[in-house]
Amino acid sequence: SDTAPDRTFLEPHDFLFDTAVEAYSRGDWLSVILNMEKALLSRSALRRVKADCRERCANQTAFGEPLAGLGVPIPGVGSVDDLGFFQKILKRADCVNSCESEKLGPPTLHLSSAETELEFRKRTPYNYLQVAYFKINKLDKAVAAANTFFQANPLHTEMKQNLEYYRMMAGVTEEDFKDLEIKPHMADFLTGKRYYSHDSFGLAADYFESALNEYFPADRECRALCEGSYNYDGYNYMEYSADLFQTMTDHYTQVLNCKQRCSVELASNAGSEKPFDDFLPSQFNYLQFSYYNSENFAKAIECAKTYLLFHPEDVVMKQNLAYYSVVLGEKEAAAIAPRQVVRQYIQQSILEKQLLYFAFEAFGIAFVDPDSWTPEDVMPQKLRDKQKADKETAARITEEIGNLMKEIETLVEEKKKDSSDLTKMVAPPDELAVAGAADASASAAGTGTAAGSGSGTGAAGALLFDNIRISMTAKQLNGSERVLLDAVVTDDECRELQRLSNAAALKGDGYRGRPSPHTPSETFQGVTVMKAVKLGQEGKVPLKSARLFFDLSEKVRLSLETYFHLKTTLYFSYTHLVCRTAVDDDQDDRKDLSHPVHVDNCVLVSEINECIKEPPAYTHRDYSAILYLNDDFEGGDFIFTELDGKTVTAEVRPRCGRVVGFGSGRENPHGVRAVTKGQRCAVALWFTLDPAHQEKERIQAGDMLQMFSTPVDAEFIQKDPEPQTPDSPSSDHQEAAHTEAAALTAEGPTHPQDPRATEEKKKKKKKEDKADSSESKDRVKTTGDKVKTTGDKDKVKTTGDKVKTTGDKVKTTGDKDKVKNKAAEKRKTKTKETATTKGEKTASKSTKEKSKKAAKGKVSPQEKTEL
Ligand SMILES: O=C(O)CCC(=O)C(=O)O
Ligand SMILES: [Fe+3]
């Protein structure tokens with residue numbers, strides 16, 4: 001019990017277990033003992049910390065009492081109560097997270113596999129320990145370990161024999177046969193029972209009492225440990241391992257994000273390209289003016305006051321209200337309240353925003369506020385400061401880049417004269433493509449035809465990017481809907497992405513790759529764009545690399561969209577940066593593949609040459625691409641096969657910058673040969689033509705990246721303040737409406753304003769702004785302009801986002817599908833990929849065999865005589 005970790009965190013018990021097992025195979029008994037005992041202590045300390053944290057946090061954020069800070073619940077608005085409930089869930093998740101990571105380090109450090117957990121539950125460590133202790137002549141400890149193991153494995157014959165043998169040995173006493181894992185309440189209960197059967201009722205009662213005392217803390221601990229991750233029934237290595245409250249938090253924040261986007265969803269109309277700005281408030285703006293014009297001043301006042309709930313500082317509306325009040329009579333006007341339903345709506349929406357910001361700060365879950373009326377202080381101060389600082393940094397960088405570009409432009413100008421000579425030496429695009437094919441070192445089995453205009457789609461001009469080479473067309477790859485591109489990304493970019501993968505594996509998932517789901521001979525590490533961005537945000541990987549990942553995947557998408565001449569947008573469906581690493585000593589006569597032959601959008605049944613396009617396959621995937629990042633490994637070639645999964649039709653040797661792109665359907669069964677040495681990294685991308693299935697996480701990741709680098713002037717895009725020049729709709733009003741002061745003092749209240757006027761104003765102002773900036777582009781600023789384009793792009797994106805959100809409903813369904821498919825994917829792994837299952841079996845078998853070895857472990861009585 002003196003294992004409480006100080007500043008250095010607990011070592012993961014599964015790692016210690018593996019080290020001990022490894023030491024066992026070398027016969028290094030001291031190391032077996034050291035590591036196995038540490039493993040046992042570490043695991044029980046881990047469980048204790050987890051239980052403690054959960055119990056403590058349960059006390060801190062108990063459910064039941066009303067929630068502080070949420071105001072008085074309004075009858076009939078059940079969802080505010082829901083918010084209160086979920087607020088506690090989020091707080092609880094945060095509390096448990098911080099408590100655990102303070103004591104245990106990063107949460108991913110202690111993710112041991114289901115198999116290892118099973119070994120611990122079967123008390124396998126004691127089997128190793130008893131051998132090791134016996135070898136170094138610590139008989140009492142060997143006996144205790146053997147007995148502890150035997151308690152959980154009463155049918156284990158070798159151990160039974162060992163125990164019998166120990167019993168006969170000199171120096172071994174009955175007290176040595178301990179159960180080191182017995183729970184205190186059970187020990188006392190059993191003692192009590194023994195006294196009881198000897199009619200020593202007094203002593204029996206004592207022990208029964210103390211057993212009961214120990215029972216309840218044990219029960220609390222046991223219950224707290226139940227609040228762990230969702231049990232995916234044997235597939236727990238599948239990455240997601242959040243505990244109860246984190247899982248609820250993850251789901252609920254997704255729900256809240258969706259709810260927040262409703263204001264945009266409802267402001268969108270199928271016919272119009274973008275949703276109405278500030279939709280709900282603007283309806284009250286229109287209404288107040290309509291009522292004014294119908295001379296219904298009471299209603300006009302109600303609506304003006306309602307509008308002011310959203311924009312309390314709106315000058316024009318304040319003027320209007322003043323005007324209506326004078327007309328109706330101040331006293332009567334004062335008695336009119338804004339609409340209650342809007343008050344409730346605002347209250348609820350602000351609470352949602354606060355929770356989402358909390359989730360952003362505590363868990364890094366992205367939230368971009370879609371509303372322009374949100375009071376400034378809803379966003380946490382820290383975040384506001386950070387955004388401001390980020391914007392300033394971005395602006396500075398932008399400026400620096402601008403200067404650089406200017407210099408480059410000057411240089412380019414200067415070199416222009418020489419460049420005409422240069423062009424003569426550069427081969428025209430066609431030749432480049434052929435040259436590419438020649439050095440592609442990709443071979444097609446069968447009769448590869450000469451580089452062809454074949455389908456006609458392969459013209460180099462079809463690609464947007466100049467330096468990308470089309471190295472092999474579908475024809476050359478012996479199939480249809482296939483292409484091999486080269487030089488899609490640069491060597492530096494490849495290296496940066498590979499580094500990103502390794503840094504993410506190290507910082508995000510503990511310090512070693514997880515076993516590959518496809519083969520026991522390789523480890524496998526994967527990062528999604530979102531994960532990269534989150535790690536970037538936490539400073540665990542360079543944010544720049546996450547952005548590169550995002551941008552390069554877009555480049556691949558665009559290349560495919562262009563190359564295959566797609567008429568509609570190709571959407572991302574899933575993007576995964578994957579490295580496979582050969583397990584050092586496990587490569588002799590490997591016959592399996594690194595990735596079994598499969599088809600990306602249907603379930604391949606190679607026995608009957610069929611591919612069934614039904615879930616669990618990702619049936620919505622239409623195109624696939626793999627961007628390779630390196631070639632310094634052995635094996636790992638990509639293969640296309642026939643539907644039989646055996647006959648190889650083409651082969652591609654991975655290397656940096658190379659992309660194999662292909663239709664995701666039955667025409668393209670493919671797989672990856674065993675990686676037998678080194679690490680093979682690639683970005684796997686799947687695309688869909690169906691916007692409903694596009695990857696939502698990617699959009700979020702984009703939002704986050706944008707948020708981290710919003711240029712200074714974007715501030716004015718989001719929170720576009722009403723242009724307050726008080727123009728009036730008709731000439732009668734013009735004089736009165738000069739300034740705010742004039743409006744409210746000497747000249748009496750201004751006449752109300754038509755929201756249309758304001759809108760026209762806004763548009764005009766935007767146009768003017770644009771004209772302004774383009775006119776003011778003098779020479780010096782020219783280069784700066786390019787830089788501003790980034791800002792402009794962002795601007796476009798911002799609106800674009802809004803537009804995209806229109807699709808929300810669709811997206812939401814997509815999400816559901818995604819979730820379903822995730823489960824489906826798991827099922828797929830289970831049902832389809834027998835190789836996987838086999839692989840796992842082999843893995844657990846080998847552990848079993850090791851355990852058996854340990855059991856037989858030269859401790860059988862016969863061998864002892866040798867000693
Ligand atoms: O890494 C590769 O070359 C192919 C991977 C693949 O086909 C997949 O992940 O579906
Ligand atoms: Fe694939």
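This is a predicted model: local features need pLDDT of at least 70, side-chain atom pairs count only at pLDDT 80 or more; totals for chains, interfaces and linings use all residues.
Close-up 1. Helix H13 covers residues 297–310 and helix H14 covers residues 315–328. Their axes come within 9 Å and cross at roughly 155°. Angles over 145 degrees count as roughly antiparallel, and H13 and H14 are therefore roughly antiparallel to each other.

**Close-up 2. Here's where H13 and H14 touch.** On the H13 side, look for Phe297, Ala298, Ala300, Ile301, Ala304, Lys305, Tyr307 and Leu308. Across from them, H14 brings in Met317, Lys318, Leu321, Tyr324, Ser325, Val327 and Leu328.

**Close-up 3. Three residues hold on to the iron ion (ligand 2).** The protein donors are His598 and His670, each through NE2, plus Asp600 through OD. They lie 2.1 to 2.3 Å from the iron ion. Along the chain, the donors follow the spacing H-x1-D-x69-H. Asp600 sits in the loop between strand E7 (595–598) and strand E8 (603–605), while His670 belongs to strand E15 (residues 670–672), so this pair ties together parts that are 70 residues apart in sequence.

**Close-up 4. Are Asp600 and His670 buried or exposed?** Buried means under 20% relative accessible area. Asp600 has 5% relative accessibility, so it counts as buried. His670, at 4%, counts as buried too.

Notes. Residues are numbered from 1 along each chain as its sequence is written. Chains are lettered from A and ligands numbered from 1 in the order in which they are written. Side-chain values use heavy atoms; hydrogens and water are left out. Axes are lines fitted to C-alpha atoms, for helices over the stretch in contact, and angles run from 0 to 180 degrees between N-to-C directions. Helices (H or I, at least four residues) and strands (E, at least two) are DSSP runs, numbered from the N terminus. Angles under 35 degrees count as roughly parallel, over 145 as roughly antiparallel, 65 to 115 as roughly perpendicular and the rest as oblique. Contact means heavy atoms within 4.5 Å. Donors are N, O and S atoms within 2.8 Å of the metal (3.2 Å for Na, K and Ca); water is not among the atoms, so sites may look incomplete. Buried means under 20% relative accessible area, exposed over 50%, partly exposed in between (1.4 Å probe, protein chains only).
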